Amino acid sequence: MSRFLAFLMIVAVFFALAIPSYSKIWNGITLGLDLKGGFDVLYQVKDAGDDKVTQEGMIAVKNAIERRVDQSGIAEPVIQIEEGNRIRVQIAGLFSQEEAKKMLVQSAKLEFKAPDGTVLATGKDIKSNAKYVLDQQTNQAQVSIEFKDAKLFQTITEKYVGQNVAIYLDEKLLQNPVINQPIYGGSAVINGQKDADEAKKLANYLNAGALPYPLDELSSFSVSPTLGAEALDMTLYAGVIAFVLILVFMVVYYRLPGLIAMIALLMYAFLLFAVVRYMHITLTLPGLAALVLGIGMAVDVNIIATERIKDEFRAGKSLLSAVIMGQKRSMPTIIDANVTSIIAGFLMYWFGTGAIKSFAVAHIISVLATFITAVLISRLMLQLLVRSNVIRNTWWYGAPRSIATSGVVRRKGGDKK
């Protein structure tokens, strides 16, 4: 009875943990752009005149884009440097995709120029603390900036008193004020923005810094949030249907081992999504498909073990002996299948890109989760149930009805085992 209680305890503890935390785990999973909506864009980083693109320059471009995305408030972008001086940006979520793409490619090259075109200062001379302010007298949106070297701005304003010092952003004139008197302290404002939103965007661009090289868009695709939600719902629906069909088959055909296999399968699904959630893995449509595919793979492990047990019954083994030997003899096959599957996953990840990598990661995680639940936990639960002697009829454990008995199986010679 203690073994039967241990069996029930494993089941009860699992459901006690899984049911209250399921919603938190699922809602905390980061969805990829194909499930949540967003865009994927590939840029070619071009030389800036005589300034050729270098590996350090590519890293600088990547960092500049990351700062821009962070400034915009968009969460968890995927920014990757690819061969051929290319950079790929993937952003998922609800936002204006056109505005986001514009934000990525705008150079944000700020320059202060004298009337003769001489560049007096650039955005590199500005601290990364630009912010939107409101002129209390005119109620006009402005951007407050501060020079890293206050003496530099003081020198400029002293030299050009009574003259214009124009402020350009990406070669576009923002304002052309006349310096009435020297400005001390290194603080200034840029006006000319039509509203607060435009001023805040300019402040974000300045804080993120200018792109060191221009970008050309090579390709892009976008997924609307509605389409992403539909893809997620359809995949989950397919997963539920697959689970129900497998449940019916396993319980009808394999009886108690089939029921235990389905409990282990629920543990597999819970463990899988918990790993994705707490390891902060972005779940994409190919990845979700790999997890659904893993349901069948997890069941295969239990089927292999159960069929081996049935073979032991046919050989005349007792209930406990058939279960122990069947599980033992199925282990090499199960290990071989899982190891080769993991190797295939690593190869897909190593040589694949994009969606293939996502599928490979999910596949490897699902195989490891299968080994923990379908091999270790399922085997433990079945042995606890058998050793408890609560249910002794071997038919309930998969023995053919023609040879099933209440706790014993007759050998072909007639002797009892």
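What follows is a working chat about a predicted model of one protein chain.

Colleague: Before we get into details, what secondary structure does the chain have?

Modeller: This is a predicted model, and the chain in it has eleven helices and eleven strands.

Colleague: How much of the chain is buried?

Modeller: Buried residues account for 42% of the 417. The chain exposes about 21,700 Å², and carbon and sulfur atoms supply 60% of that area. As for the contacts with a separation of 6 or more, 72% of them are between residues 24 or more positions apart.

Colleague: How are the charges set out?

Modeller: There are 42 positive and 35 negative side chains in the chain, and the centres of these two sets lie 18 Å apart.

Colleague: Let's turn to the helices. What span does α7 have, and what should it be?

Modeller: Helix α7 covers residues 225–254, and because a helix of 30 residues at 1.5 Å a residue should span 44 Å, the 42 Å between its end C-alpha atoms agrees with expectation. Just after α7 comes R255, which takes a positive phi of about 60°.

Colleague: Which residues of α7 are buried, and what do they pack against?

Modeller: The buried residues of α7 are G228, A231, L232, T235, G239, F243, I246, M250 and Y254.

Colleague: Since α9 came up, how far does it reach?

Modeller: Helix α9, residues 285–314, reaches 44 Å from its first C-alpha to its last, which is close to the 44 Å expected for its 30 residues at 1.5 Å a residue. It is followed by G316, where phi is positive, near 95°.

Colleague: What about T284, where is it found, and is it buried or exposed?

Modeller: T284 is found in the loop between α8 and α9. Its relative accessible area is 18%, and because buried means under 20%, T284 counts as buried. Leaving aside neighbours within four places in sequence, T284 is in contact with G32, D34, L35 and S358.

Colleague: Switching to F359, why does it count as partly exposed?

Modeller: F359 has 23% relative accessibility, so it counts as partly exposed, given that this class lies between the 20% and 50% cut-offs. The residue sits in helix α11, residues 355–388.

Colleague: Which residues does F359 contact?

Modeller: Apart from neighbours within four places in sequence, F359 is in contact with P286, G287, A290, L293 and M348. F359 and L291 are 68 residues apart in sequence, and their C-alpha atoms are 8.7 Å apart in space.

Colleague: How far is A130 from V323?

Modeller: A130 and V323 are 71 Å apart in space, C-alpha to C-alpha, and 193 residues apart in sequence.

How values were computed. Residues numbered from 1 in each chain as written. Predicted model: local features only at pLDDT ≥ 70, side-chain atom pairs only at ≥ 80, totals over all residues. Heavy atoms only, no water. Helix = DSSP H or I, 4+ residues; strand = E, 2+ residues; numbered from the N terminus. Buried < 20%, exposed > 50% of the residue type's maximum accessible area, 1.4 Å probe, protein only. Contact = heavy atoms within 4.5 Å. Areas by Shrake-Rupley, 256 points an atom, 1.4 Å probe, with all protein chains shown as cover. Lys, Arg positive; Asp, Glu negative; His and termini not counted. Charge placed at Lys NZ, Arg CZ, Asp CG, Glu CD. Expected span 1.5 Å × (residues − 1).
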